[in-house]
Amino acid sequence: MRERKKSSAVEVSSVKKKKEKKTKDNNEPREQKEKEESQSIMKQQKNTTSRSKKEKQRKATEDYQSLRESELSGDEVHGTDHDVDNADDHHEEDQTDGSEGHRGVEESDSSEDEVAPRNTIGDVPLEWYKDEKHIGYDISGKKITKKERQDKLASFLANVDDSKSWRKIYDEYNDEEVELTKEEIRLVQRLLKGKAPHTDFDQYADYVDWFKYDDALHPLSNAPEPKRRFIPSKWESKKVVQYVRAIRKGLIKFDEPKEEEPKFYLLWGDDSSAAEKANHLAYIPAPKPKLPGHEESYNPSLEYIPTQEELNSYQLMYEEDRPKFIPRRFTSLRSVPAYENAVKDSFERCMDLYLCPRVRKKRVNIDPETLKPKLPSRKDLKPYPVACYLEYKGHKGAVVSISTEASGQWFASGSTDGTVRIWEVESGRCLRVLEIGEAIQYVAWNPLPELPVLAVSAGQDVLILNTGLGNEEEQRRVKDLLHVETPTAPDVLDLGLVEDHLLKNLLLALMFTLDGVFGRMASQGRLPLHVFHPTRSIFFVSTKKNIRVYDLLKQRLIKKLETGLKEVSSIAIHPAGDNLIVGSREGKLCWFDMDLSSKPYRVLKCHPKDITNVAFHRSYPLFASCSDDCTAYVFHGMVYSDLNQNPLIVPLEILRGHTSSNGRGVMDCKFHPRQPWLFTAGADSVIRLYCH
């Protein structure tokens, strides 16, 4: 700095000498002299500026190296006391330079250190531009956009790579980063140490007594201190009491501190409830009246004007059903008469506003799609029957019952034409036709494959028929089972004539059960529906509206299932034995989980007419229902071994193809014992096989 000041002082003195020399030269014009003089001054100032820049760069490099060495040695980052003292010494030496050196520095070009502020918002708080994308305007009136600030991580990484990051500060007013100079850093260091910011200020200067004691014999006042200066003021105490009373009475109110807006928000919640808790009453607007349309026009289109027939029909209507306004057509607005119901309509409008219930109802915005249960895709639930594969034709009347053989190769069907037919499943060939002579009510195949016998219910008789299937050993066992001597009375079944012990016990159980449990319902003329549990000694019996569950070993009622239906039409039990489906005359299907409750787990409204039968598949998670509406519904019904997981019920397919006959549709449906196939028997005397 000293060298720069001396060089600038020498240059200024040389410039002055040249000026004096040029003024003495009267031969040249005055204007030419001034021009050359100014050019020489500018050239010297440029040279001075370039030398000062180089000197600054060299000095900054030396300072940075000294600071880095001090950082490594454990000293403070912002300099040491020795540096500050040296800086003070240099400053004092600079002050000892001549006044010409100071004037030379002042006359140097310092425009590079003076930067005009970018922000031109004026004397307004910066908070006004907190939410804006700009900050102030330039001289042409265009917005000055804010610079994008780096986040914490990016700024940290940038500071690590930048050795001068500790010199930089953010100027909020001008929206830019400023690098502090060496002089500014020294100024800050002196302030942090509690010293005066400038080195030329002496805060411990000698005291200067400005009072003149000439010709003064006594001090200004020699009186003692008054006593009132040591006693509390009574007037002040009264004033304090007045203020306290005014505050207690509420006459003086203090301004409550303004609550700052929170800088956070509910990420997963809804702040609508907080707004509803406000103390003020919400404004509920009145209902708006209906705006006039084309009909109320004084010259409406012809399509809005009623004909004479329509006017006559209005007279036959009740007054509340009659339209309140009948459109009419006028040639001009001047010819429109006064509205005759103007006062009445105004009165009714006032009554509507007076009697309108101003109640704010909470609306729950729920997407209807979210209320639907999330069911798996039908593609993931295959296989299940979807299309008709075969038709079995041959019966002359309605087919009321079908039953499949245990191996799945054969099935039997009974019809109102008095015949029982045995069919081959895969080929559709009718193997046998058994003439019964009466309308068939029910057919059932023996579940044991080694005894191919068929039970047929016709009229008041139960017939056990030999189907003729199987090998010689199976046929011999069937003949031994069905060997019965000639009965003494044709109306009475003598169980002593039945040789097979198993068949005898079964018939005895059925007779005693029908006599004890169903005697009352049989007296009412209604045969109850019943089904056995697949693995336990439990018997399910349906009344008109309920399902009774009996334990055959203990001979008592163990549970009563409440269906809530008008009349039960069919029942079927799951192969596991813990779930039951019930069909009704009103087209509803109930699923019971007996471990869960005595009320239905699910109620499915699927058929518009009576459900004639329901059935479970033995191995696949499928169940079906058929109805008089000539359709059969196939469902996916998965029962899990985990008791905490409820059964999964998914509608899969609607099977059509049967035609109605005498108001009846599909009479019966049964699943194939091994394949996901469904047999349906219709009143149109056709049996259909639906496959996957």
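Author: Let us start with a sheet: three strands form an open sheet in the order β10-β11-β12, with antiparallel pairing. Its edge strands are β10 (440-445) and β12 (461-466). Please keep in mind that this is a predicted model.

Reader: What makes β10 and β12 the edge strands?

Author: Each of them pairs on one side only. On average, neighbouring strands of this sheet are turned by 20° against each other, with direction ignored.

Reader: How do you know that β11 and β12 pair?

Author: Two strands pair if there are at least two bridges between them. Strand β11 (residues 453-458) and β12 have six bridges in the antiparallel sense, so they meet that rule. As a place to look, Val456 stands opposite Leu463 in β12.

Reader: And how many bridges join β21 and β22?

Author: Five, again in the antiparallel sense. These two strands form a hairpin with five residues between them. Across the pairing, Asn613 stands opposite Cys626 in β22.

Reader: Why is strand β21 called largely enclosed?

Author: Six of the six residues of β21 (residues 611-616) are buried, so the strand is largely enclosed by the rest of the structure.

Reader: Why is His533 called buried?

Author: Buried means under 20% relative accessible area. His533 has 7% relative accessibility, so His533 counts as buried. Its place is the loop between β13 (529-532) and β14 (538-542).

Reader: What does the side chain of His533 reach?

Author: It reaches the backbone nitrogen of Thr535 at 3.1 Å.

Reader: Which residues is His533 in contact with, leaving aside neighbours within four places in sequence?

Author: They are Ile538, Phe540, Ile573, Ala576 and Gly577. Take Ile573: His533 and Ile573 are 40 residues apart in sequence, and their C-alpha atoms are 7.3 Å apart in space.

Reader: What makes Ser584 buried?

Author: Its relative accessibility is 0%, so against the limit of 20% Ser584 counts as buried. Ser584 is found in strand β18 (residues 579-584). Not counting residues up to four places away in sequence, Ser584 touches Leu565, Glu567, Val568, Ser569, Asp610 and Ile611.

Reader: Why does Ser685 count as buried?

Author: The value for Ser685 is 17% relative accessibility, and that is under 20%, so Ser685 counts as buried. You will find Ser685 in the loop between β26 and β27 (686-691). Leaving aside neighbours within four places in sequence, its contacts include Tyr392, His395 and Lys396.

Reader: Which residues of the largest nonpolar core touch the most other members?

Author: Leu652, Leu655, Phe671 and Leu678 do, in a core of 16 residues. The elements that give two or more residues to this core are β22 (622-627), β23 (631-638), β24 (648-656) and β25 (666-671). A second, separate core has 15 residues, including Ile571, Leu580, Cys590 and Met594. In soluble globular proteins, nonpolar side chains tend to be buried together.

Reader: What is Leu655 in contact with, leaving aside its neighbours within four places in sequence?

Author: Among its contacts are Pro385, Val386, Leu678 and Tyr690.

Reader: Why is the aromatic pair of Phe411 and Phe679 called tilted?

Author: Stacked planes are under 30 degrees apart and edge-to-face planes over 60, with the rest called tilted. Here the angle between the planes is 35°, so the pair falls in the tilted class. Centre to centre, the rings are 4.9 Å apart, and both residues are buried. Phe411 lies in strand β7 (residues 410-415) and Phe679 in strand β26 (residues 678-682), so the pair ties together parts that are 268 residues apart in sequence.

Reader: How many aromatic pairs does the count come to?

Author: Eleven. Ring pairs also link Trp591, Phe616, Phe623, Tyr633 and Phe635 into a cluster.

Reader: And for the whole chain, how many helices and strands are there?

Author: The chain has 14 helices and 27 strands. Of its 692 residues, 28% count as buried.

Conventions
Residues numbered from 1 in each chain as written. Predicted model: local features only at pLDDT ≥ 70, side-chain atom pairs only at ≥ 80, totals over all residues. Heavy atoms only, no water. Helix = DSSP H or I, 4+ residues; strand = E, 2+ residues; numbered from the N terminus. Buried < 20%, exposed > 50% of the residue type's maximum accessible area, 1.4 Å probe, protein only. Contact = heavy atoms within 4.5 Å. Polar contact = N/O pair within 3.5 Å; in protein donor to acceptor, adjacent residues only side chain to side chain. Core = buried A, V, L, I, M, F, W, Y, C linked by side-chain atoms within 4.5 Å. Axes fitted to C-alpha atoms, helices over the stretch in contact; angles between N-to-C directions. Phe/Tyr/Trp six-rings, centres within 6.5 Å; stacked < 30°, edge-to-face > 60°.
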